[in-house]
Amino acid sequence: MAKIMIVDDMASMRKMVSFTLESVGHEVMQADDGDVALGIAQENTFDLVITDVNMPNMDGITLTKELRSIPSFKFTPILLLTTESAKDKKMSGKAAGATGWLVKPFDPDKLLATIKRVLG
Amino acid sequence: MSVDLEQFKEMFYEESSENLEAMESGLLELSEGGTDLDVVNTIFRSAHSIKGGSATFGFTSVAGFTHVMEGLLDEMREGKREAEAKIIDILLESVDVLRAMLGSHQEGEEPDDERANILKSQLVAIRDGGVSSSSGSESQAQAADSSSEVSGGTCQGWNIQFSPHEDLLQTGNDPALMIRELGVLGTLSLEMDDSRLPSLDAMDPELAYLQWNMTLKSGEDGNVPNQDAIEEIFEWVEDECDLTLEAIEEKRKSPDRRADERRQNDRRQGSRRGGEAGAKKTTQAAASIRVGTERIDAMMDLVGELVITQSMLSQLGEDFDMSQMERLRDGLTQLERNSRELQESMMRMRMQPVSFAFNRFPRMVHDIGQKLGKQIRLEMVGEDTEMDKTVMEKLNDPLVHLVRNSMDHGLEPPEERIDAGKDPEGYVRLRAFHQGGSIVVEISDDGRGLSREKILGKAIEKGVVTEKDAELWSDEQVFNLLFDAGFSTAEKLSDLSGRGVGLDVVRRNIESLGGRVDVASKFGEGSSFSIRLPLTLAVLDGQLFRLAGQTFVLPLVSIIESLQIRKELVGGVGSNAEVYRLRDQYIPIIRPASILDCSDKHESLDGGLLVVVEWDNRHVGLLVDELLGQQQVVIKSLETNYQKVPAISGATILGDGKVSLIIDLAGLFELSGLMNDRAFRIAA
């Protein structure tokens, strides 16, 4: 099972995602904004990072950019968890190095399917 | 597998109300001319979070509504739109509507969408009439119904050419995984093209060189893979690869794709229905409190110490002899300290900054100020002061009442202020601070103040005081008349004094919390109401006293003094009412023993103890047998454990294990029949 970090400033979203992931046996760490996530990333490696886009302190896109500059995160899949259906958000996320995105509304089954797709 | 997210709803509601507050205060800041981008961002983010969560829980009307709000906010955020007053007002109203909608969901009801729809169309009108129109909703709608029609049923499979760009791996995507996904959709045959692969020495392992030509046909179930499903697999790498997708068409009819889609739709709807049924399960909101982890940690430490003390004591108890007396005493002292600290730490958990109660006021002052045509500045001081959550909840109504009062009656319209030589903008100041074991909340304004003459005039007219006595009354006594039920509900008073209806309710509410409210004022300069409350309702500073062999508790805060009765000062009014001359004032004597039916012998007053208490603005003497110590007592509800008892507000367990009843002064006075006796108002 994989080790996954979920970054979201909204605790309910964070808890729902980790609950879903943990229910199938993944190990999950939670961070409530990009800053915190980056701190965790200095000392941990992950198989996957899922991050919200709109967060205080450091948003998900900046976080993605920062993570990519850490050697152990160079190829780690990073998914943006966002309601933005707007193409430009996704594209700036991609440009920052994101692997892909999960579009809210959050749906546990869809999350698990997508994760399977990234982790193989 | 289905994951039940029901348990997260409560958390979502709680967060949403915080988000709504953040939006509200942000919008108010903007309305005062702030243009801080951070503020706009915060508002946007809050709307965005609510949208995401409500969509997850299937609150489509909420999600749809926030979506439109968010579109507008996004334009403001990008600098494409100015924060005009009109827009801000509509957004503020939208916050109210959202709050109501979420409230309905929380109660398990369907929200009334009527107001939301009106506002929504206003928002859309602004958006479309503006500089740019972000068409978020449309693009989403398109995405929703783009179940592509693929060349009318003759499609047999797909030819797929997939050429990753060199940098595809850099984003964490892996071609092998995508190809494996394709294999799940149907029968995949593929051919790898390694023509771009350089020689080993020139190869950079971090780059992608391989390309694939693939054919995807129907799998074991006979269904031809759907174009959407294929595109979805490559969705993330659209710009990092060249992809061509060609339908393989044959003349033969394909299996009924439509039936398949229908089946899929049914399944989708089925699962949604399941979700809704689940939502009905738990609708009752549980009251919860947020506690910082450091407080829990501190408490954990204390519990740890308590366990150590306990084990030390039980070890001591195993073979105890008198030589260990010293150690026992130490142990007990330690136990006492542990439990006191534990109690304090528990209290701290219930404490919340008073800003929770203050937060609603910026909005209220903004709205009402506009309505009244007054320029009002709200000042808040000491918002970090903490108080018990229950006390704060009960303080809400009195606070609103007093703030409204200041705005309605205290502050003058700008012209009047200018005439009086004042700044046209008046202020209402909310200030909270701790004093001793109490918390004090002050509501002050620099308005017209109270007029002693007008209030007294009214009081004399109503027969509350004689003209002669009135001269002796202090300002404080005069102003306190406003809290008098018979007085303040008088219709005319609100006109002449500027203060009026319902202040008696404010006082009653605050006194029921064990607190008191006072007013100070200077005519022409303003008024100040101060509410003094105990820090918590769970613990009471009590005076223990004995009555007919039983121990009772009296709230210390209401005691003015205690004295030994001197016979010559006892007087009688009428046949059976006893009064006592306390310096220059007569106070009624109440015999709690006979009221509470614990003793029927009529003891002589001479040499007895009289506890003078103040309640509802009057002084009364209670005859008790013996005064014991003062101590903090933990209040236990009688109502939940036994039944409601008149004149008793609760019970507590004393150090010796005995139950002691706590006197409820209001109830006691009611039973004594003194309540409506106007003769005993505090007079001079």
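The model is predicted. In chain B, 4 strands make an open antiparallel sheet, and helix α7 packs on that sheet. Where chain A touches chain B, α1(A) gives the most residues.

**The sheet in chain B**

- The strand order is β2-β3-β1-β4 in chain B.
- Pairing in this open sheet is antiparallel.
- Strands β2 (187-193) and β4 (241-249) of chain B sit at the edges, and each pairs on one side only.
- From one strand to the next, the twist averages 15 degrees.
- Helix α7 of chain B, residues 175-185, touches β1, β2 and β3 (211-217) of chain B.
- The direction of α7 makes about 15 degrees with that of β3(B).
- Strand β1 of chain B spans residues 155-164 and is joined to β4(B) by 9 bridges.
- These two strands, β1 and β4 of chain B, run antiparallel.
- Within β4(B), E246(B) stands opposite N159(B).

**K522(B)**

- K522(B) lies in strand β10 of chain B, which covers residues 516-522.
- K522(B) counts as exposed because 12 other C-beta atoms lie within 10 Å, and the cut-off for exposed is 12 or fewer.
- D446(B) is 76 residues from K522(B) in sequence, yet the C-alpha to C-alpha distance is 9.4 Å.

- Most residues other than glycine have a negative phi.
- N57(A) has a positive phi, near 65 degrees, and is not a glycine.
- The loop between β3 (48-52) and α3 (60-68) of chain A holds N57(A).
- N57(A) has 14 other C-beta atoms within 10 Å, so it is partly exposed.
- A647(B) is not a glycine either, and its phi is positive at about 75 degrees.
- In chain B, A647(B) belongs to the loop between α23 (638-641) and β21 (648-653).
- A647(B) is partly exposed because 18 other C-beta atoms lie within 10 Å, while a buried residue needs 20 or more.

**Contact between chains A and B**

- Chain A brings 30 residues to the contact, and chain B brings 28 residues.
- On the side of chain A that touches chain B, α1 (11-23) and α5 (108-119) of chain A each supply at least two residues.
- The largest share of that side comes from α1(A), with 8 residues.
- By class, the side of chain A that touches chain B holds 15 nonpolar, 11 polar and 4 charged residues.

Conventions: Residues numbered from 1 in each chain as written. Chains lettered and ligands numbered in written order. Predicted model: local features only at pLDDT ≥ 70, side-chain atom pairs only at ≥ 80, totals over all residues. Pairing = 2+ DSSP bridges. Axes fitted to C-alpha atoms, helices over the stretch in contact; angles between N-to-C directions. Contact = placed C-beta atoms within 7 Å. Nonpolar A, V, L, I, M, F, W, Y, C, P; charged D, E, K, R; others polar.
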